[in-house]
Amino acid sequence: MKRNIYLDHAATTYMKKEVLEAMMPYLTQNYGNPSSVHSFGREARKAIDKAREQTAKALKARFDEIFFTGGGTESDNWAIKGVALANQNKGKHIITSAIEHHAVLYTCEFLEKNGFEVTYLPVDSYGMVDPQDVEKAIRPDTILVSIMFANNEIGTIQPIKEIGAITKEKGVYFHTDAVQAVGHVDIDVNDMNIDLLSLSAHKFYGPKGVGALYVRKGTKITPLLHGGAQERNRRAGTENIPGIIGLGKAIELAYENMEENNKHLIRLRDKLINGIMDRIDDVRLNGHPTLRLPGNVNMSFEYIEGESLLLSLDLKGIAASSGSACTSGSLDPSHVLLAIGLSHEIAHGSLRMTLGDENTDEEIDYVLEVLPQIVQRLREMSPLFIQEKGGCQYV
Amino acid sequence: MKQQIYLDNAATTQVLPEVVDEVVRCLNEDFGNPSSLHRLGLQSERKMKQARNMVAQLIQVPPEDIIFTSGGTESNNLAILGTARARKRYGNHCITTEIEHPSVLNTFQYLEQEGWNVTYLPVDSRGIVSIEDLKNAMRKDTVLVSIAHVNNEIGSVQPIKEIGLYLKGNYPDTIFHTDAVQSFGRLPIRPLEWGIDLLSISGHKIHAPKGVGALYIKKGTLITSLQWGGGQELGIRNGTENIPGIVGFGRAAQWIKEKISEDEKYISRMKVALANEIAREIPQVVFNGPKPSDGAPHILNLSIPGVRGETLLHVLESYGVYVSTGSACSSRSIRTSHVLKAIGASQQVAEGSIRISLSYLNNYDELSKVPQILKKSVDQIKRFTRR
């Protein structure tokens, strides 16, 4: 039987049926431009407003604090560049962490080239930022702290509320890239003192090409895209109506069923982690054992290349990833794994499996059956393994 | 069923059923992230490649020079800000026109705040830029010229080829960008032959879904990214690709190409016939911008003295005819159109203007009803606004 087991939900998710159903009318008969004043346009406008309400409710934000974008990357870029440019008269110092997504890291590097100073906070071996480090790093000219809610590679969930309390007290804007967290973690932007929050629909069973940025009312921010008066003059461009409707529906569904879904995911996740630990030697779990995303499994297998592992799994019908999708084309080891203290060799041997709502026990059993075989086969071909473990009959 | 005659295709178009099918298939089945190394990811990458080919074919450029974006606005922003940032050390001056789309004008205004000098060329009463004006405005430090191919409100067509060739011949280091959002799929465009370095296009103007566009970047043209991240689209446009949108864009481009080869003049013939009928039915009508027989194939901008455009729009809507006043992007603001002002239209004419815009999905049969509906609507309004 041909297997088809998808364990790459952190890269992207399939779309839920209900989400597609909500989008369909706006792909077909209701195709108006929401800026048009005729009824085609008004229909589209109403639909966006509904999606905005759904999104605001999920984050416990206000309706007029949600701005739709072209995706998580745009949201991150807008948040960081927008706040930096609008507040540079106050100061040019930004604080972030060493394990952010490239959408954050490369934006910070761009700002460094343009006269800003950026502090990259280290993380501990679990990938956790210490709130005290944030406090110590804040200077009079610090304008923004950007720390991700949950890491895309190792799943570690950051102490966002503690960091938010500090930035609030110090009067510094706080942005969090919550692309991986939304739909899996309770978020309350007021309780957590978050000023800006990025999210992306295709990570929680919505469509690709649409995301949002929450911007606390009163936040000084320059637009990233200039043009028409869409999104209350903050984000120009004809709105991606079907995408926005899909985002609204998907975030609503995610939070309606979160508890139940998380229970399922955590059970499967721990079964997978423990099963691998039991069956395979010289393996380590990356990220925090408990403060991690419900669906995230990231493990390093000594002596082998993550990429070979990935391709072998693919042949067995299992779709996983080595590190994040965005960097899977590059040969450098993951900056996240290096930041938690892994050596280059071990970082290269890591595998990320991210679970979704429709994964089953039976699928996990299958993975636990084939993965040890693959690892063994690859290790038997690995010069490193042979060197460490002594001779091998297959050489 | 109540009749619906959709004549607002310059604002946005209906997504074609065959495009919807492709998009839905993508949403349902081929949902992989093209950056992923497994089969689903590779499948998405393949689909994206096909779409890139189809879009590139329509303007006869190498597919690898097409960068997908979230839409026309992003493409314009990327072209202008990206060029300005990449070529800062070569100069400090840009040239554009007074009648550009807000996504071009507001981006240049933003650059002005950063200390750039921007020249806004005027246009004549037809809405056309003069090459002489451009020649006079050119300076040694001009790094970018950005002129839209077709104006979105009045449909004037700029001599893009002439401008491009002039620039390449005399200022080879100056980058030439054209906003072709309204002309893509409606008029022939040949960036390679016309000296165009950057060209913005948008999906939802050619029956693809909203939320997808592209920027053509001629090989070797330096451009700084607007958004940083995972290295997608050659690192110029980072962020997970909107695969369903991109695939829909490709399918729509293919459809348009077939339509053009069947009957290139279909839309413009309908437009001219419609304009003639309207003029017969309502002799006092004023056509704004180019003559109906000139101009872009799909746009007709007209005013009827003594009738406010917005009132007319709503009465027409009650008869199932959908038009717009000015461009959709500015239709919610109360300001008079900057385009109509630039062509010297009086306040009264500007306030009275409506825009009718067609697509391949319109037909003669439905359009033949429009002049009478328009006449009826005007009469109805005039009864209430006797002075």
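Is B:Gln232 buried or exposed?

## A glutamine in a loop

In this predicted model, B:Gln232 is buried, with a relative accessible area of 4%; the cut-off for calling a residue buried is under 20%. You will find B:Gln232 in the loop between strand S8 (213-217) and helix H8 of chain B. A polar atom of the B:Gln232 side chain lies 2.9 Å from the backbone nitrogen of B:Gly239.

Follow chain B onward and you come to helix H8 itself, residues 243-262. At the start of H8(B), B:Asn242 brings a side-chain oxygen to within 3.0 Å of the backbone nitrogen of B:Gly245. The helix has 20 residues and spans 29 Å between its first and last C-alpha atoms, close to the 28 Å expected at 1.5 Å a residue.

## A three-stranded sheet in chain B

Next, take a look at the open sheet of chain B, whose three strands have the order S9-S10-S12 with antiparallel pairing. S9 (286-287) and S12 stand at the edges with a single partner strand each, so one side of each has no neighbour in the sheet. Strand S10 (residues 299-303) is joined to S12(B) by five bridges. Two of the facing pairs are B:Leu302 opposite B:Ile354 and B:Asn301 opposite B:Arg355.

Helix H9 (residues 266-281) of chain B lies across S9, S10 and S12, running at about 15° to S10(B).

## Nonpolar cores

B:Ile356 also turns up in the largest nonpolar core, which has 156 residues. The members that touch the most others there are A:Leu59, A:Phe149, A:Val182, A:Leu197, B:Phe249 and B:Ile356. Apart from this core lies another, of 31 residues, including A:Leu265, A:Val283, A:Leu355 and A:Val370.

## Helix H2 of chain A and its arginine

Helix H2 of chain A covers residues 39-59. Its 21 residues reach 31 Å from first C-alpha to last, close to the 30 Å expected at 1.5 Å a residue. Just after H2(A), A:Lys60 takes a positive phi of about 60°.

A:Arg42 has its place in H2(A) and counts as partly exposed, at 41% relative accessibility. Which residues does A:Arg42 contact, leaving aside neighbours within four places in sequence? They are A:Ser36, A:Val37, B:His314 and B:Glu317. A:Gly209 is 167 residues from A:Arg42 along the chain, and their C-alpha atoms are separated by 23 Å.

## Positive phi angles

Most residues other than glycine have a negative phi, which makes a few residues here worth a visit. A:Arg232, in helix H7 (residues 230-233) of chain A, has a positive phi near 45°. At 39% relative accessibility, A:Arg232 counts as partly exposed.

B:His207 has a positive phi too, of about 75°, although it is not a glycine. This histidine is found in the loop between strand S7 (198-202) and S8 of chain B. B:His207 is buried, with a relative accessible area of 3%.

Definitions and conventions:
Residues are numbered from 1 along each chain as its sequence is written. Chains are lettered from A and ligands numbered from 1 in the order in which they are written. This is a predicted model: local features need pLDDT of at least 70, side-chain atom pairs count only at pLDDT 80 or more; totals for chains, interfaces and linings use all residues. Side-chain values use heavy atoms; hydrogens and water are left out. A nonpolar core is a set of buried Ala, Val, Leu, Ile, Met, Phe, Trp, Tyr and Cys residues joined through side-chain atoms within 4.5 Å. Buried means under 20% relative accessible area, exposed over 50%, partly exposed in between (1.4 Å probe, protein chains only). Helices (H or I, at least four residues) and strands (E, at least two) are DSSP runs, numbered from the N terminus. The expected span of a helix is 1.5 Å times one less than its number of residues. A polar contact is a pair of N or O atoms within 3.5 Å; within protein, one must be able to donate a hydrogen and the other to accept it, and residues adjacent in sequence count only if both atoms are side-chain atoms. Two strands pair if DSSP finds at least two bridges between them. Contact means heavy atoms within 4.5 Å. Axes are lines fitted to C-alpha atoms, for helices over the stretch in contact, and angles run from 0 to 180 degrees between N-to-C directions.
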